[in-house]
Amino acid sequence: MTQHSTLTITNIRRPNSDTSESLTIENGLIKGWNLPEEGQTLDGNGATIVPAFIEPHAHLREPGQEQKEDLASGLAAAAAGGYGTVVSMPNTAPVVDDPAIVRALIDKAAALGFARLRPAAALTRGQDGEQLAELALLAEAGAAVFTDDGRTNENARTLRLGLEYAHSLGKVVSVHAEDAGLRAGGVMNEGPVSEALGLPGNPAAAETAHIARDIEICRMTGGRLHIQHLSTARALELVKAAKTQGVNITCEVCPHHLLLTDEALRSFDAVYKVAPPLRTQSDAQALLAGLKDGSVDCLATDHAPHTRAEKELDLLQAPSGIAYIEIAFPLLWTNFGAELGLQKIVELLTTDVARVLGWPVPSLEAGQPADFTLLDLETVRPVDPATFKSKAKFNPWVGQDLKGWPMLTVVDGQVAFERA
Amino acid sequence: MNALSSKPKHLLDFQDWSAERLNALLDNADTMMQVLDRPVKKVPALQGLTVCTVFFENSTRTRVSFELAARRMSADVVSFAAGASSVNKGESIRDTIEVLTAYKVDAFVVRHQAAGAAHLVARYSGKPVINAGDGRRAHPTQALLDAYTIRREFGTLEGKTVAIIGDVRHSRVARSNAELLPKLGAKVILCGPATLLPRELAAEGVTLTTDPREAVRNADAVMALRLQQERMDAGYVGSLQDYARVYQVNEDLLAFAPNEAVVLHPGPMNRDVEISSETADGPRSRILAQVENGQAVRMSTLYHLLVGRA
C-alpha cells in the first residue's frame, strides 16, 4: 500500500469524455479537478476514472475458513477488481452474529488498506433461522446489512420479525431466496440438461416460490428486502410486479448468471456449481433485459472462494460458488459493454448498490471521499490466475481475453491497488 | 473417412460412439460368447495389460463381471475399492486416479455415486476409462448388454420397441438405454409414476407414459427397474405395495404385451416389488441371459478400447 497525504492523478478521462483531466485528492477526500499539481503525482495513462465499485455480496471466509480466503486476500482481490467497498457475508465459522466479531473484522480490514470492509451480520443467531440476532447491537458495531446468506430463511415468521426489527434500525435484510424443500439435493438447474446428465435438479420454482412468499412478507411488514443473486426470468417478473405495487424490494444479479448456463455442467466440472444454479439461456437473457430496463437493481459477484481440491471433487460433493471479483468488470465490459454502455455498468456497480443498501451515493466531486478506480477500457489481457490476489486461483474464464482492466484503485485517498 | 475411423478412447456414455462402431462392438461380442462356450475360457488378447477396477460405490456383480471379462482376455486385474468413506476423508477422485495411474495401469473401470465421475477419471488419467455406473447418469455396458440380449433374441434392434418401467428418474440404466437403443434403431418407452418419470427425458425415439399397459402394448422387450425402499422414504411413492399395484411387471401386465415379448431386469431384483417372482423366473425372462451376455459385451468393450478395431 502506498500512502500520500496529497496526490494528483494526471491524464485521466471521465466516462464518455475525450478530455484529459487531473484529479487532486487530499486527506482522503477529493480536493478538486484540474487544480495545479501538488504532492505526489501519478500518471493515469489516459485511463477512465469511475467511482470505486461496491460489492454487496462477497464471501471472504474469515473467520474460520482462511484456507479458502481471508480478509487480506479477499480485500486485495476486491481492490484489484476496482472495488473500494465490500460487504462480506456472515456465514463464517463462527457466524458473524456477535458485535465483537463485526468490530474485529472492521478493524482488521482497515489496517490492511485494501478495499474497505462493511460486514453483513447474521439475521438470526448462528444463522439458525429461528432466533433473531442482536440486530441493534450488531448495527451499532457497524453491520451493514442483515442476512442469513449461505442458508435460506425457511421460517417465514422469523423473516417477518427480522424485517420489522431491521427496518426500525434503518437496515436492509437481504435473503438467499430458495425453498430448501423444493431445492432438495439439487446440484444444478432442473431441466433437460440435468435429466440428461442424471444430476439432481434444483427447479426454478425453488427460487420463485420463495420469492413470492418473501414479497408477501415484505409487503406486510413494510420493511426493506433485498433478494440476492436472482437467477430466473420468472423471479424477475415477480419482483418487477411487486415493485409496481409499491413493495419495498430490490434485487441483485450476478455476472455468472448472465454469462453461463446449465449447459456448462456438461463438462461435469464443479467450477460451474453455484447456488442458485446456472439457469437457461432464456433466463440469462431475461436478467440482462432486467439490467437494461432497471428492474434489476444492482450487480453482485457473490465472490465465493473455495480451495481447488474442494472444487475437484465430484458434482455431488463439491461446494457451490465461483470466485471472480478481480475480473468482474472486465467480464461485464467485454461481454456487455456494447449493449449496456459504460455508464450503466458503472451505475450498477456503484450508485445502484449504494441506493439498495441505503448508503450515500458515491460521486467524484470535491469534498467526497476519494474512492475511485481507473479503468483501461481498451487493452486486451488474458485472465491469468498467477496475477490473482484471491486464494481461489481458478474460475470459468481463465485464459480468456478481456478488456476493461482496473489499473488503479484508490480507497479513502490511499492507493489500494495498482496494476503492474 | 470410414465409419469406424474415429475410435472413441473411452466408454463414458454413447455420445462419441457411432451406430456403426456400437454395432461392431456388439458383433464382436458374438465372438466373445464363443470363447465363453469353450472348455478353456481364455484368450491372450490383453496379455501384458493391466485393468484396474475402481469402485467408489459398492457393486459386487458388476465388478465380478468386469474382472472376469478382463481375466478371460488374459489381462492382469487389480481392484481398488475406494468406497464412499475415502471421499469423506477428503480424498478426491483426482488424487485416487493419479496414484493409480502412477502404478502404470492400462485402463480403468470406474463406478461412482456421482454423475460425471467417470468423466473426471478420464480427465485425470489419460488412460481408457469404462464407466461402470456413475450416479444416475450412465451405465453404458449395462445398456450394451441389454441391447445385445434383445438383438440375440430378435436378430436385430431395428424397429424394436423396448418398454422400461420403474424408477426412471434415478436410473442410470434407463438413461443409457434411452441413449443407446434409438441409436441402434429401436424405440424406447419410459414408464413410471410421474414422480419417477422426468418429462425432460423425452427425445427422438424416446417417449414417456405413466400407463404401463400402454407401455407394453407393442413392446418386444419389457424391462423392469429396481425400486428401492429409500424412494418411498423420500416420498416419491406412497409405499412399495402402492407402487407395485400399478407398475409391477407381472403376468397380468404382460397379458397386454405381444406374446413374443421378453422380460429384462438389470438386477439386483426386488422380487415382488417391481417384478413378480413368477415373471422373473418365467419363460419370458431373459434375466440370466443378460448376466451371461454382459460378460461377453464387457470383453468386447475392453478389447475394443485397449487393442482392436472391432
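Predicted model: local features only at pLDDT ≥ 70, side-chain atom pairs only at ≥ 80, totals over all residues.
Reader: Start with domain 1 and domain 2 of chain B. How many residue pairs are in polar contact across their interface?

Author: 18 residue pairs, with both partners at pLDDT 80 or more.

Reader: Charged residues raise the matter of salt bridges. How many does the rule find across this interface of chain B?

Author: Apply the cut-off: a side-chain nitrogen of Lys or Arg within 4 Å of a carboxyl oxygen of Asp or Glu. Between domain 1 and domain 2 of chain B, the rule finds three. As a separate case to look at, the side chains of R151(B) and D30(B) meet in a salt bridge, with 3.8 Å from N to O.

Reader: Where do the domain bounds fall in chain B?

Author: Domain 1 takes in 10–139 + 291–307, and domain 2 is 140–287. Their centres, taken over C-alpha atoms, are separated by 25 Å. In contact terms, 35 residues of domain 1 of chain B meet 26 residues of domain 2 of chain B.

Reader: How should I read the size of an interface?

Author: The general idea first. Interface size is often given as the accessible area lost when the parts come together. Now the case here. Domain 1 and domain 2 of chain B bury about 2,600 Å² between them, and carbon and sulfur atoms carry 58% of that. On the domain 1 side, F14(B), R136(B) and H139(B) supply 32% of the area buried against domain 2 of chain B, more than any other three residues.

Reader: Turn to the two chains. What area is buried between chain A and chain B?

Author: About 1,700 Å², with 53% from carbon and sulfur atoms. For chain A, E195(A), F268(A) and E312(A) provide 39% of the area buried against chain B, more than any other three residues. By contact, 16 residues of chain A touch 22 residues of chain B.

Reader: How many salt bridges and polar contacts lie between the chains?

Author: The rule finds four salt bridges across the interface of chain A and chain B. The count of residue pairs in polar contact is four, both at pLDDT 80 or more. By class, the chain A side has eight nonpolar, four polar and four charged residues. For a pair to inspect, take R123(B) and D269(A): their side chains form a salt bridge at 3.8 Å, N to O.

Reader: What is the salt bridge total over all chains?

Author: 33. One pair in chain A is E216(A) with R219(A), at 3.0 Å from N to O.

Reader: Why are E216(A) and R219(A) about one helical turn apart?

Author: Because they are three residues apart in helix 7 (residues 204–221) of chain A.

Reader: Last, the records. Which residues of each chain does UniProt annotate as a domain?

Author: For chain A, an unreviewed UniProt entry gives "domain: Dihydroorotase catalytic" over residues 48–232. That span is 39% helix and 16% strand, with its end C-alpha atoms 33 Å apart. For chain B, an unreviewed UniProt entry lists residues 158–304 as "domain: Aspartate/ornithine carbamoyltransferase Asp/Orn-binding". The chain B span is 38% helix and 14% strand, and its end C-alpha atoms lie 23 Å apart.

Notes
Residues numbered from 1 in each chain as written. Chains lettered and ligands numbered in written order. Heavy atoms only, no water. Contact = heavy atoms within 4.5 Å. Buried area = accessible area lost by both parts, 1.4 Å probe. Polar contact = N/O pair within 3.5 Å; in protein donor to acceptor, adjacent residues only side chain to side chain. Nonpolar A, V, L, I, M, F, W, Y, C, P; charged D, E, K, R; others polar. UniProt positions renumbered as here; feature names shortened; annotations may be inferred. Helix = DSSP H or I, 4+ residues; strand = E, 2+ residues; numbered from the N terminus. Domains from an automatic or database assignment.
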